[in-house]
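Work through the exercises below with the sequence and the structure at hand. Try each task before you read its solution.

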Amino acid sequence: MDTTFIDELASAAPTPGGGGAAAYAGALASALASMVGNLTVGKKTYAAVEGEVQDALAALAELRGRLLDLINEDARAFEPLAAAYRMPKDTPEELAAKQAAVQAALGGACEAPLAIMRACADVLEQADFLARNGSRLAVSDAGAAATLACSAIVAASLNVYINVASLEDENLAARFRDEADELVERGNSRADETLEYVMAHIG
């Protein structure tokens, strides 16, 4: 097994960090949900939902690729912010330049984890669909995928919240915070519904 990403995550390097880990978890959730779909297609028992399951598989493959790309996008978005924090602040001019650079970089540092949250929310919806319509033999895997996707949403949200706390543009901060709040609330609600359904069918 290639552990390059895991090893990089465990190192002292600032990236990949929480955002990258969240994107990776979301990609794993997508892969696990896809397994459920692939165990469903071609089975006579599920012929009535064959087309919808195929659509889910296509969506999950696209989301998986997007989340893997977002690992690097999140790291790239953090680089300007890290560089800004390293700028000198020994004179009033240097301090002003540093503060301006930090503010300019914070927006991008919020956008990447929000994109991760959106993609993971979509994975969660597909996992819920497959829990309810996919192979009964893999319903627990669909539940696990939903749990992973929800956890990834919450994990990515922490990067949004910590960066928003430093934003001086209150309108922009409110926009980022409100979207993160909505995605977390929706994700938790959907995951709870999915797990309730899964537990009822395995317990």
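The exercises that follow concern a predicted model, and each task is followed by a worked solution.

**Exercise 1. Describe how α4 and α6 are arranged, and decide whether they are roughly parallel or roughly antiparallel.**

Two packed helices are described by the angle between their axes and the distance between the axes. Begin by locating the two helices, for α4 covers residues 92-133 and α6 covers residues 170-202. Their axes come within 10 Å and cross at roughly 20°. Next, compare this angle with the cut-off, since angles under 35 degrees count as roughly parallel. The helices α4 and α6 are therefore roughly parallel to each other. The crossing in which α4 passes α6 is left-handed. Finally, sort the residues of this contact by class, which gives 13 nonpolar, 3 polar and 10 charged residues.

**Exercise 2. Carry out the corresponding analysis for α5 and α6.**

The axes of α5 and α6 come within 9 Å, and they cross at roughly 165°. Angles over 145 degrees count as roughly antiparallel. The angle of α5 to α6 therefore makes this pair roughly antiparallel. As to handedness, α5 and α6 make a left-handed crossing. The contact of α5 with α6 is made up of 17 nonpolar, 7 polar and 2 charged residues.

**Exercise 3. Which elements give two or more residues to the lining of the largest pocket, and which residues are closest to its centre?**

Start with the volume of the largest pocket, which is about 280 Å³. The pocket is lined by 20 residues, of which Phe78, Leu81, Asn159, Ile162 and Asn163 are the closest to its centre. Then turn to the elements: α2 (18-38), α3 (50-85), α4 and α5 (139-164) each give two or more residues to the lining. Among the contributors, α3 gives the most, with 7 residues. Sorted by class, the lining of the largest pocket has 11 nonpolar, 8 polar and 1 charged residues.

**Exercise 4. Find the aromatic pair, and explain which parts of the chain it ties together.**

The structure holds 1 aromatic pair, and its members are Phe5 and Tyr24. Their rings lie 4.6 Å apart, centre to centre, with 15° between the planes. Since Phe5 lies in helix α1 and Tyr24 in helix α2, the pair ties together parts that are 19 residues apart in sequence.

**Exercise 5. Where is Pro16 found, and is the peptide bond from Thr15 to Pro16 cis or trans?**

Pro16 is found in the loop between α1 (4-10) and α2. The peptide bond that leads from Thr15 to Pro16 has omega near 0° and is cis.

Definitions and conventions
Residues are numbered from 1 along each chain as its sequence is written. This is a predicted model: local features need pLDDT of at least 70, side-chain atom pairs count only at pLDDT 80 or more; totals for chains, interfaces and linings use all residues. Side-chain values use heavy atoms; hydrogens and water are left out. Axes are lines fitted to C-alpha atoms, for helices over the stretch in contact, and angles run from 0 to 180 degrees between N-to-C directions. Helices (H or I, at least four residues) and strands (E, at least two) are DSSP runs, numbered from the N terminus. Angles under 35 degrees count as roughly parallel, over 145 as roughly antiparallel, 65 to 115 as roughly perpendicular and the rest as oblique. A crossing is left-handed if the near helix is turned anticlockwise from the far one by less than a right angle, and right-handed if clockwise. Ala, Val, Leu, Ile, Met, Phe, Trp, Tyr, Cys and Pro count as nonpolar, Asp, Glu, Lys and Arg as charged, and the others, Gly among them, as polar. On a 1 Å grid over the protein atoms alone, a cavity is a set of points where a 1.4 Å probe fits but cannot get out, and a pocket is an open set with protein on both sides within 12 Å along at least five of seven lines; lining residues have an atom within 4 Å of a point. Grid points are joined across faces, edges and corners, and a volume is the space filled by probe spheres set on the points. Rings of Phe, Tyr and Trp (its six-membered ring) pair if their centres lie within 6.5 Å; planes under 30 degrees apart count as stacked, over 60 as edge-to-face and the rest as tilted.
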